[in-house]
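The following note sets out points for a colleague who is reading the model.

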Amino acid sequence: MKELILEMEEYASLKNIPIIEKDSIAFIMKYIKKNNIKNILEIGSAIGYSTILMASVAQDVTVTTIERDEARYMECLKNVKKCGFEKKINVVFQDALEVNLTGVKYDMIFIDAAKGQYTKFFEKFKYFLNDGGVIITDNLKFHGYVGKSSEIESKNLRGLAEKIEAYIEFLKNNQEFETNFYDVGDGLSVSVKKNE
Ligand code: SAH
Ligand code: MG
């Protein structure tokens, strides 16, 4: 397991795959343990790095993870098999915005896919959260660009930074959820669903 994780870190750095920062995944794993979270939905698997680490927190933790890139999906499947987590992790090869989830509800949703679509992911998947469930989002600092979008020259980058800034405002103003922001790794938010 430890070896596989190191192998994945190396592979990600070699192939420029944006896996979660160590502080952030440590924070999330602690959160899972402390809050007794059992079933998790992840949007954006990449090669399954955060997926496998979240699933490893306790024996009865299960993760469904969605990835739209075929090569990454295949790599993720391979890694899930390598650590023997086939029964704990369900890897779905599809665009998350097109996935049809039925029935199942989750204790935690981890949003870590296309940064420009965070609000869309949140609005779509909030219905699949158990009462008192939580939505955690990664990369809210977007490598330091967030909060400085007007100074960014690249139009593409500026657009993404603006979308994350808008997502942060959306979370702050959202009455259904109580959101806290954490300055760990590339920036995390933790949005807990309020009871009606
Ligand atoms: N959670 C991973 C990193 C994910 S990187 C980790 O920390 O280890 C983000 C991934 O989201 C990319 O692999 C990208 O292909 C995928 N992605 C982006 N938009 C998506 C979408 N709409 N549906 C499914 N996957 C998406
Ligand atoms: Mg991330």
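1. A residue is called buried under 20% relative accessible area, exposed over 50% and partly exposed in between, with a 1.4 Å probe and protein chains only. Phe142, at 9% relative accessibility, is therefore buried, whereas Tyr145, at 32%, is partly exposed.

2. The model is predicted: local features need pLDDT of at least 70, side-chain atom pairs count only at pLDDT 80 or more, and totals for chains, interfaces and linings use all residues. Residues are numbered from 1 along each chain as its sequence is written, chains are lettered from A and ligands numbered from 1 in the order in which they are written, and side-chain values use heavy atoms, with hydrogens and water left out.

3. Helices (H or I, at least four residues) and strands (E, at least two) are DSSP runs, numbered from the N terminus; two strands pair if DSSP finds at least two bridges between them. Seven strands, in the order β3-β2-β1-β4-β5-β7-β6, make up an open sheet of mixed pairing. Its edges are β3 (89-93) and β6 (177-182), each pairing on one side only. Between β6 and β7 (residues 188-193) the pairing is antiparallel, over 6 bridges; Thr179 stands opposite Ser191 in β7.

4. Helix α4 (residues 70-82) includes Glu75, which counts as buried because its relative accessibility is 13%. Contact means heavy atoms within 4.5 Å. Beyond residues up to four places away in sequence, Glu75 touches Tyr11 and Ile47.

5. A nonpolar core is a set of buried Ala, Val, Leu, Ile, Met, Phe, Trp, Tyr and Cys residues joined through side-chain atoms within 4.5 Å. The largest has 36 residues, of which Ile28, Ile32, Ile52, Met108 and Ile136 touch the most other members. Helix α3 gives the most to this core, with 5 residues.

6. Aromatic rings of Phe, Tyr and Trp (its six-membered ring) pair if their centres lie within 6.5 Å; planes under 30 degrees apart count as stacked, over 60 as edge-to-face and the rest as tilted. There are 9 aromatic pairs in the structure. Phe122 and Phe177 are edge-to-face, at 4.9 Å centre to centre and 70° between the planes; both Phe122 and Phe177 are buried. Phe142 and Tyr145 form a tilted pair, at 5.9 Å and 55°. Ring pairs also join Tyr118, Phe122, Tyr167, Phe170 and Phe177 into a cluster.
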